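Visitor: I would like to learn how to read a few features of a structure. Could we start with a sheet?

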Amino acid sequence: MSGLNGLTLAVPRGALMGDTLALLDRLGVDTAEVRSNERRLLFREAGIVTMRPSDVATYVEAGAAEVGITGKDVLAEQPERAVYELLDLRFGPCVMVVATTAGDDRLAEALRRLGVMRVATKYPRIAARHFERTGRQAEIVEVKGSVELAPLTGLAEGIVDLTATGSTLRENGLVVREEILASTARLIANPVAHKLKAAAVDDLVARMRAALGGGDARGPEARDGDARARGAAR
Amino acid sequence: MREVHAVVESMRRVFEARGYGEVHTPALEYEQVLTRGDPAAADPAYKLFDEQGNVLVLRSDMTIPIARVVSTRYATAGPPLRFCYVAHAYRSVRPQRGQDREMLQAGVELVGMPGPEGTVEALRVLCEALDATGLEGYRVGLGDASLYPALLAAHGVPAAARAEILHELQARDLVGLERAVEGLRLGAAATEALTSVPQRRGGAEVLDAAGPAADGLRAVHGALPAGVAERVILDLGLARSLAYYTGAVFEVYDAALGAPLGGGGRYDDLLGRFGRDLPAAGWALNVERLHIALVGERRGEQP
């Protein structure tokens, strides 16, 4: 089999798009049209639809795309989505962190003196689960845009956000206090397509595994999606 | 509603012909009845109180209410007992996901006939009911809820680690499952078996990979009539969310819809919790999803 084996793949726009298209090139998928056309969303001949990473799980769960690529952060924020997580693609590494302004830990202070801390985030469910697991009362403030602004303006004492290099945090005078989960790109599949098109899906997984180098698709982190082993207690 | 009625009536005729008697139970059950069946399965989203302060819930499926009926109204009837129903069940939803709080289910429960014989009959009636609705392209995924736990035990996985691995399987997270298995450092052969078996789906050849853990599935598969066997996709990793399944489990797929149309399985321990210890199997189809798939097939739609 070749290309996408007749499957429709949801490709994330944004930070994961470059590595995704590079991987597809190695599988023999013609991505020239996708690269040359910023505004078009649907590339039927190549079997590709493009969308925001956070929408990939929505389209794949509904079967509007049979397979998709998105970050583990998106999947962890929407854990009840009925999709198969098939392969760690290892690119797009980043970490979900708790951060505050440098200096005294304002979150710890708020918890000690007020009994509750305010945390701004674009990932309300990951954040709520993390503080629940670690036994701290937190009021989650959901924001849509640059979350770094929240602790600087007094909207919240801290943030939960995704960081790749930490430079945006640093530029805004924020420091990482805890790591919640490590994220990389994942290949996901619709549960019905996973059964009815098993051969096509399995072959795509095998070829992606091979293209990523060797049979070992493990990411650099021992175990992500799980705060237990990581810096929750730091 | 005319199309939905036609779907339901075509299935009812099959139930009738196969000797399944229709039962009605109230939409409201005592909470303690549902949680006795299965604390997780009940997951009753909608609760209210009666005049005495008892907690009442809207049923989330028909299997547990029928298990209650068997032990009360049919306490002395000789098995096998054949029940069918067309009834609404209620589930919690997440807003803006296009999910229904109320769903119409059509299904059967075959009580007092053990596997593989009882499982085969349940699957045969399932396929006959689907055929009767006019659905053409459906397939039935067939797995076994006891297969992977048996495989974990056979490879000496400690009980504490089993729960985590089974959780990953149920969450369909094969990356997490692979990591959890590799973290146990069981050696290459065991690691390979435990990571590859749940991904095996296809014809009878997939059974070879699972060894004696697949004996139950082998017996069912070997006894399927041809019309059913050609619809079946064996799926060694099939895990349904309800905890009361003890053996064969199945799900119905159609290319015209991105979600299963329904499913079921064997629950040999459930009725005992209500005082009448009988093996049983059953399934339910979501009538609205079935309707969507029928419309989609007639339009020639593929997702």
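Guide: Strands of a sheet pair through backbone hydrogen bonds, either parallel or antiparallel. In this predicted model, chain B has an open sheet of three strands in the order 2-4-3, with antiparallel pairing.

Visitor: Which strands of chain B stand at the edges?

Guide: Strand 2 (28-30) and strand 3 (47-49) of chain B do; each has a single partner strand, so one side of each is left without a neighbour in the sheet. On average, neighbouring strands of this sheet are turned by 40° against each other, direction ignored.

Visitor: Over how many bridges do strand 3 and strand 4 of chain B pair?

Guide: Strand 3 and strand 4 (residues 55-58) of chain B pair over three bridges, in the antiparallel sense. B:L48 has B:L56 in strand 4 of chain B as its bridge partner.

Visitor: Now a helix. How many residues of helix 3 of chain A are buried?

Guide: An α-helix has 3.6 residues a turn, so residues three or four places apart point the same way. Helix 3 (residues 53-62) of chain A is mostly covered, with seven of its 10 residues buried. Among them are A:P53, A:V56 and A:Y59.

Visitor: What covers the buried residues of helix 3 of chain A?

Guide: The cover includes strand 1 (9-12), strand 4 (67-71) and helix 4 (72-77) of chain A. After helix 3 of chain A comes A:G63, with a positive phi near 85°.

Visitor: Which domains does the assignment give for chain A?

Guide: Domain 1 (9-92 + 184-225) and domain 2 (94-182). Their centres, taken over C-alpha atoms, are separated by 29 Å. Seven residues of domain 1 of chain A are in contact with eight of domain 2 of chain A. On the domain 1 side, the touching residues divide into one nonpolar, two polar and four charged.

Key:
Residues numbered from 1 in each chain as written. Chains lettered and ligands numbered in written order. Predicted model: local features only at pLDDT ≥ 70, side-chain atom pairs only at ≥ 80, totals over all residues. Pairing = 2+ DSSP bridges. Helix = DSSP H or I, 4+ residues; strand = E, 2+ residues; numbered from the N terminus. Axes fitted to C-alpha atoms, helices over the stretch in contact; angles between N-to-C directions. Domains from an automatic or database assignment. Contact = placed C-beta atoms within 7 Å. Nonpolar A, V, L, I, M, F, W, Y, C, P; charged D, E, K, R; others polar. Buried ≥ 20, exposed ≤ 12 C-beta atoms within 10 Å, placed from the backbone.
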